[in-house]
Amino acid sequence: MTNEFSSRLLTLRSLFLATASVQLVTAASGTLVALYFAETGASQEVAALAPAAYSLGFLIGCFYIAG
């Protein structure tokens, strides 16, 4: 293995680990927020709308930062 190849491999591993971490946290928070709303007696619509709004905000933030 050349030094350049191992450097690129380390960069890709870091990128994949960061992406997996973001996906895991997003999935967990969406689930936990919906369960919290359901536990407090909120309607199903509100319990579903909160994680959807978070995902929409995350998407808008990604486009805002990229542009």
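Student: Where is the place of serine 43?
Tutor: First, this is a predicted model: local features need pLDDT of at least 70, side-chain atom pairs count only at pLDDT 80 or more, and totals for chains, interfaces and linings use all residues. Residues are numbered from 1 along each chain as its sequence is written, and side-chain values use heavy atoms, with hydrogens and water left out. Helices are DSSP runs (H or I, at least four residues; strands are E, at least two), numbered from the N terminus. Serine 43 turns up in the loop between H1 and H2.

Student: Is serine 43 buried, partly exposed or exposed?
Tutor: Buried means under 20% relative accessible area, exposed means over 50%, and partly exposed is in between (1.4 Å probe, protein chains only). Serine 43 comes out at 33%, so it counts as partly exposed.

Student: How far apart are the end C-alpha atoms of helix H1?
Tutor: The expected span is 1.5 Å times one less than the number of residues. Helix H1 has 37 residues (3-39), so it should span 54 Å, and the computed distance agrees: 54 Å.

Student: Which residue forms a salt bridge with arginine 8?
Tutor: A salt bridge needs a side-chain nitrogen of Lys or Arg within 4 Å of a carboxyl oxygen of Asp or Glu, and the structure holds one. Both partners are exposed and lie in H1, four residues apart, about one turn of the helix. An α-helix has 3.6 residues a turn, so residues three or four places apart point the same way. With the closest N and O atoms 2.9 Å apart, the partner of arginine 8 is glutamate 4.

Student: What radius of gyration does the protein chain have?
Tutor: It's taken over C-alpha atoms, and the globule rule is 2.2 Å times the number of residues to the power 0.38. The chain has two helices and zero strands, and its C-alpha atoms fill a box of roughly 60 × 30 × 10 Å along the principal axes. A compact globule of 67 residues would be near 11 Å, but this chain has 18 Å.
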